[in-house]
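The sequence and the coordinates come before the discussion.

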Amino acid sequence: MKSLGDAITGAKNFFNQLVIGMDHSIHSLSGSVAGQTYPAYLFDVQMVTDETGLSSHRSMVKADNKLRWWYQREIVEYTGTGAVKKSYPVDVDLALVDDNVLQFNAGEKFRAKNQLWWTWRRSGQSVNDRVMRYDYVLDAWLPTTGLSTPVLHRTFSSGVERLLDTNATDRTVYREDNQIPGYQFFGTDISSTLELPPVSSDQAMAWLEAYLRYLSNTGSIVVAYRTADHYRALVGASYTTLETINQAVAGELGLVRIGDLGTLCQIRVTGTG
């Protein structure tokens with residue numbers, strides 16, 4: 001097996017293959033026992049690619065007949081024959097990851113919502129403080145802030161699928177299930193933030209309005225935005241709060257006006273209560 005001098009960083013079964021990840025290459029191992037007597041089984045090792053690798057075995061998640069994982073500042077998709085970068089729309093978010101602790105990035109499947117979740121750490125943080133969600137049916141990335149969780153665990157209770165994550169600071173456990181939307185801790189929702197992938201244009205545009213669709217509920221939604229002319233500038237740009245929407249007031253459903261110029265525009269939505 002061509003190793004390029006790298007160490008094996010993880011492995012996961014994928015149908016009739018064992019996918020082996022190294023620092024900067026991916027390999028597959030398959031075998032056959034038909035007509036063979038132990039230990040003379042037939043094994044075949046193939047290099048999938050040396051243009052990507054695997055940074056965390058904890059990040060390897062299978063869904064929709066595909067395998068996905070973290071490699072440096074990107075998320076890779078493997079179909080059984082090739083591995084390609086999948087996370088182009090959220091490059092601006094993943095650019096903040098701490099390159100020195102990539103091995104702590106962890107992933108899990110949330111089948112009830114057709115989502116994959118990864119928890120990861122920004123530079124300068126002591127625990128994983130960001131969650132990246134990916135809807136593998138809609139092919140949509142859902143960056144999330146407001147959670148400090150080092151692990152994700154999929155479990156079932158009375159037939160209901162739940163995804164558990166923990167707060168490393170005070171040891172509390174939060175729950176996201178497929179019946180009650182929002183994070184919960186002992187029955188009380190906690191604040192959570194959704195950063196939408198940036199919308200871009202080839203030339204500067206006047207960003208005027210945004211539409212939010214949601215069911216009438218309790219609590220508030222804080223809408224903020226930031227604009228920039230380049231992705232690198234967008235990473236360091238600060239958010240401007242547009243308004244706080246009271247979800248219990250039907251008249252506030254719908255339109256939110258922005259009013260700014262820029263090549264890139266990113267919207268952040270925070271739910272409380």
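In which loop is the place of Tyr-41? Tyr-41 sits in the loop between β3 (26-32) and β4 (42-49). The model in which this is seen is a predicted one. With a relative accessibility of 30%, Tyr-41 counts as partly exposed. Together with Tyr-38 and Phe-43, Tyr-41 makes a nonpolar surface patch of about 390 Å².

**Overall make-up**

The chain has 273 residues, and 43% of them are buried. Its secondary structure consists of two helices and 22 strands. The accessible surface is about 14,300 Å², with 49% of that area belonging to carbon and sulfur atoms. Among contacts with a separation of 6 or more, 52% are between residues 24 or more positions apart.

**The hairpin at β1 and β2**

Strands β1 (residues 8-14) and β2 (residues 17-22) run antiparallel and are joined by six bridges. One of the pairs is Gly-10 with its bridge partner Gly-21 in β2. The two strands form a hairpin with two residues between them, and Phe-15 in the turn has a positive phi of about 55 degrees.

Thr-9 belongs to strand β1. Setting aside neighbours within four places in sequence, Thr-9 is in contact with Gly-21, Met-22, Asp-23, Leu-54 and His-57. The C-alpha atoms of Thr-9 and Leu-54 are separated by 6.3 Å, although the two residues are 45 apart along the chain.

**Nonpolar cores**

The largest nonpolar core holds 15 residues, of which Trp-70, Ile-75, Leu-94, Leu-116, Trp-118, Met-132 and Trp-141 touch the most other members. At least two residues of this core come from each of β5 (61-63), β10 (115-120) and β11 (130-135). The most are given by β10, which supplies three. Apart from this core lies another one of 12 residues, including Leu-54, Met-60, Leu-67 and Tyr-71.

Not counting residues up to four places away in sequence, Trp-70 touches Gly-53, Leu-54, Ser-55, Ser-56, Ser-59, Ile-75, Leu-94, Val-97, Asn-105, Trp-118 and Trp-120. Ser-59, on that list, is found in the loop between β4 and β5. Is Ser-59 buried or exposed? Ser-59 counts as buried, because its relative accessibility is 0%, against a cut-off of under 20% for that class. With neighbours within four places in sequence left aside, Ser-59 contacts Leu-54, Arg-68, Trp-69, Trp-70, Asn-105, Ala-106, Gly-107 and Trp-118.

**Positive phi in loops**

Most residues other than glycine have a negative phi. Gln-72 is not a glycine, yet has a positive phi of about 55 degrees. Gln-72 lies in the loop between β6 (66-71) and β7 (74-78), and a relative accessible area of 34% makes this residue partly exposed. Asn-114 also has a positive phi, near 55 degrees. The place of Asn-114 is the loop between β9 (106-110) and β10, and Asn-114 is partly exposed at 31% relative accessibility.

**Salt bridges**

Side chains of opposite charge can pair when their charged atoms come close. The structure holds eight salt bridges; the table gives some of them.

| Pair | N to O distance |
|---|---|
| Glu-77 and Lys-66 | 3.8 Å |
| Lys-85 and Asp-91 | 3.1 Å |
| Asp-139 and Lys-86 | 3.3 Å |

Glu-77 is buried, with a relative accessible area of 8%, whereas Lys-66 is partly exposed at 25%.

Lys-85 and Asp-91 form a salt bridge. Lys-85 is partly exposed at 22% relative accessibility, and Asp-91 is partly exposed with a relative accessible area of 29%.

The salt bridge between Asp-139 and Lys-86 links distant parts of the chain, 53 residues apart: Asp-139 is in the loop between β11 and β12 (140-145), and Lys-86 is in the loop between β8 (83-85) and α1 (91-94). Asp-139 has a relative accessible area of 45% and is partly exposed. Lys-86 is partly exposed at 22% relative accessibility. Through shared partners, salt bridges join Lys-66, Arg-68, Glu-77, Lys-86 and Asp-139 into one network.

Terms used. Residues are numbered from 1 along each chain as its sequence is written. This is a predicted model: local features need pLDDT of at least 70, side-chain atom pairs count only at pLDDT 80 or more; totals for chains, interfaces and linings use all residues. Side-chain values use heavy atoms; hydrogens and water are left out. A nonpolar core is a set of buried Ala, Val, Leu, Ile, Met, Phe, Trp, Tyr and Cys residues joined through side-chain atoms within 4.5 Å. Buried means under 20% relative accessible area, exposed over 50%, partly exposed in between (1.4 Å probe, protein chains only). Helices (H or I, at least four residues) and strands (E, at least two) are DSSP runs, numbered from the N terminus. Contact means heavy atoms within 4.5 Å. Two strands pair if DSSP finds at least two bridges between them. Patches are made of residues with over 30% relative accessible area and no salt bridge: like charges are joined within 9 Å, nonpolar side chains (Val, Leu, Ile, Met, Phe, Trp, Tyr) within 5 Å. Accessible areas come from the Shrake-Rupley method with a 1.4 Å probe; for residues, only the protein chains shown count as cover. A salt bridge is a side-chain nitrogen of Lys or Arg within 4 Å of a carboxyl oxygen of Asp or Glu.
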